Amino acid sequence: MKTYLITGCAGFIGSNFVYYMLDKYQDIRLVNLDKLTYAGNLENLKGVEEDPRHIFVRGDICDQELVAKLIADYDPDFIINFAAESHVDRSIANPMIFVDTNVRGTVNLLQCCKEAWYDAGQKTWKKGKKYLQVSTDEVYGALGPEGYFTETTPINPHSPYSASKASADHYVKAFHDTYGMPMNITRCSNNYGARQSPEKLVPLMINNVRNHKSLPVYGDGMQIRDWLYVEDHCKAIDMVASNGKVGEVYNIGGHNEKPNIFIVKTIIEQVGKRLNDPEINEGLIKHVEDRLGHDRRYGIDPSKIKEDLGWYPETPFEVGIVKTID
């Protein structure tokens with residue numbers, strides 16, 4: 001039976017991954033760790049709380065004693081780190097929180113893995129162990145109107161959030177290069193789907209539209225993102241954990257590049273259809289001052305994960321939006 005230690009399990013992507021894994025595999029054990037900040041919600045795990053394969057632990061990835069005990073007690077085959085402060089606006093207001101969780105927390109996980117899995121005398125690692133860092137395409141910075149991020153694109157973060165994630169990625173790579181730690185890093189494009197924090201663009205707009213509230217759009221709304229349905233992302237992470245080449249970085253993108261204003265208008269159209277409400281229209285859109293350091297465009301080239309592992313995104317954007325609304 002494979003055992004996974006999943007950090008950030010009560011957040012958006014982490015909780016979706018828990019459901020995905022428990023649905024796909026019967027002979028599995030998930031030890032799920034979450035601090036339950038604003039981004040983590042136990043309601044996200046309500047559907048699995050009675051499942052004996054799911055063990056929930058409330059705690060902080062910065063807590064060395066706790067993390068070391070969980071590794072010693074459960075001997076996980078994989079540690080998958082979803083835990084992160086991820087809201088760019090919050091990082092602009094308070095960068096230090098992002099340093100604590102995203103950088104110090106990641107280094108603590110790495111060090112605990114090293115102490116449990118590494119034989120310094122023999123310079124060998126326990127067989128069958130792997131650490132996987134779930135990162136973001138935002139570490140690459142911004143693109144011009146042409147081209148895509150690849151795994152060799154130079155790291156060039158522009159916000160405190162993306163800078164903290166880039167730093168964490170560098171530490172993961174350093175533990176591999178220095179000690180030979182078995183690891184992978186995945187960098188995904190913008191996720192959307194069920195259980196997402198209401199501060200994020202898609203759920204914020206869905207909730208506001210349903211309640212006839214204004215829809216705040218940064219600047220002209222032409223910031224372009226590559227949108228990835230969360231279940232496609234979960235499938236990719238599972239594949240990388242099981243079969244990804246040790247030491248490799250994998251970009252995970254949806255090939256669904258859309259401007260933010262298109263997202264907002266699509267949500268208006270789809271919610272309006274479902275509620276048959278004439279008051280739901282584009283008059284709810286309100287353009288506001290653009291975010292500081294706002295990257296103009298992201299786009300992911302996922303050809304490496306397709307070639308190495310056979311993964312591809314299965315959910316067209318409009319299908320994913322309808323699933324999210326419903």
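These legends describe close-up views of a predicted model. Local features need pLDDT of at least 70 and side-chain atom pairs count only at pLDDT 80 or more, while totals for chains, interfaces and linings use all residues. Residues are numbered from 1 along each chain as its sequence is written, and side-chain values use heavy atoms, with hydrogens and water left out.

**View 1. Helices α2 and α4 pack against each other.** Helices (H or I, at least four residues) and strands (E, at least two) are DSSP runs, numbered from the N terminus. Helix α2 spans residues 64-74 and helix α4 spans residues 95-117. Their axes lie 10 Å apart, at an angle of about 40 degrees. Axes are lines fitted to C-alpha atoms, for helices over the stretch in contact, and angles run from 0 to 180 degrees between N-to-C directions. The pair is therefore oblique; angles under 35 degrees count as roughly parallel, over 145 as roughly antiparallel, 65 to 115 as roughly perpendicular and the rest as oblique. From α2, the contact uses Gln64, Val67, Ala68 and Ile71. Residues on the α4 side include Asn108, Leu109, Cys112 and Trp117. Contact means heavy atoms within 4.5 Å.

View 2. A disulfide is a pair of cysteine sulfur atoms within 2.5 Å. The count is 0. Cysteine 112 is buried at 3% relative accessibility, and cysteine 234 is buried at 0%. Buried means under 20% relative accessible area, exposed over 50%, partly exposed in between (1.4 Å probe, protein chains only).

**View 3. The buried face of helix α10.** This helix covers residues 317-325. Its buried residues are Phe317, Gly320, Ile321, Thr324 and Ile325. The arc is that of the directions from the helix axis to the C-beta atoms. Their cover includes β9, α6, β11, β13 and α8.

**View 4. Threonine 315 in the loop between α9 and α10.** Threonine 315 is buried, at 9% relative accessibility. Beyond its neighbours within four places in sequence, threonine 315 contacts Tyr229, Asp232, Asn256 and Gly320.

**View 5. Glutamate 257 in strand β13.** Glutamate 257 is partly exposed, with a relative accessible area of 26%. Not counting residues up to four places away in sequence, glutamate 257 touches residues including Tyr148, Asp226 and Arg297.
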